[in-house]
Amino acid sequence: MSRYSSTDANKKNGRLYYKTTIYSDVPLRDDDIYVITQAGDRLDNLAFEFYGNQIYWWFIAKVNGLSSMNVEAGLRLRIPSSVQNATGR
């Protein structure tokens with residue numbers, strides 16, 4: 001699953017532009033997982049561990065208000081129990 005589909009790309013003046021994707025909020029659930037990061041943790045590795053696919057690192061970042069897959073040690077992260085809300089409109 002790609003965050004950007006090929007139909008969302010437009011060319012203008014020789015440059016490639018993507019439409020803005022809007023994601024819905026991810027509601028809190030009782031079965032969400034919370035982790036405390038350790039030295040060397042990255043969101044892509046956590047996504048692979050919990051979802052079986054590292055491509056969902058951005059979803060964990062969005063839920064936790066982060067913009068990078070690199071995280072510092074001691075950070076408390078919420079890992080949503082499913083990637084159901086990882087699709088945009």
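Analyst: The answer starts with that residue, then moves on to the salt bridges, a threonine and the aromatic rings.

This is a predicted model, in which local features need pLDDT of at least 70 and side-chain atom pairs pLDDT 80 or more, while totals for chains, interfaces and linings use all residues. Numbering runs from 1 along each chain as its sequence is written, and side-chain values use heavy atoms, with hydrogens and water left out.

Start with Asp32. It is found in the loop between strand 2 and strand 3 (strands are DSSP E runs of at least two residues, helices H or I runs of at least four, numbered from the N terminus). Asp32 is buried, because its relative accessibility is 9% (buried is under 20% relative accessible area, exposed over 50%, partly exposed in between, with a 1.4 Å probe and protein chains only). Its side chain reaches the backbone nitrogen of Arg29 at 3.1 Å. It also makes a polar contact with the side chain of Arg78, at 2.8 Å (N or O atoms within 3.5 Å; within protein, one able to donate a hydrogen and the other to accept it, and sequence-adjacent residues count only if both atoms are side-chain atoms). Beyond neighbours within four places in sequence, Asp32 is in contact with Pro27, Arg78, Ile79, Pro80 and Ser81 (contact means heavy atoms within 4.5 Å).

The link to Arg78 is also a salt bridge, with the closest N and O atoms 2.8 Å apart (a side-chain nitrogen of Lys or Arg within 4 Å of a carboxyl oxygen of Asp or Glu). Arg78 lies in strand 4 (residues 76-79) and Asp32 in the loop between strand 2 (15-18) and strand 3, so this pair ties together parts 46 residues apart in sequence. Arg78 is buried too, at 10% relative accessibility.

The model has three salt bridges by this rule. Arg29, whose backbone nitrogen the Asp32 side chain reaches, pairs with Asp31 through its own side chain, at 2.9 Å between the closest N and O atoms. Arg29 is partly exposed at 41%. Asp31 is partly exposed at 40%. Elsewhere, Arg42 and Asp44 meet at 2.6 Å, N to O. Here Arg42 is partly exposed at 33%, whereas Asp44 is buried at 11%.

Now Thr37. It sits in the loop between strand 3 (33-36) and helix 1 (43-51). With a relative accessible area of 3%, Thr37 is buried. Its side chain reaches the backbone oxygen of Glu72 at 2.6 Å. Leaving out neighbours within four places in sequence, Thr37 is in contact with Val71, Glu72, Ala73, Gly74, Leu75 and Leu77.

Last, the rings. The count comes to four aromatic pairs (rings of Phe, Tyr and Trp, its six-membered ring, with centres within 6.5 Å; stacked under 30 degrees between planes, edge-to-face over 60, tilted for the rest). One of them is Tyr51 with Tyr56, edge-to-face at 6.0 Å centre to centre and 80° between the planes. Another joins Trp58 and Phe59, whose centres are 6.0 Å apart and whose planes meet at 70°, so this pair is edge-to-face.
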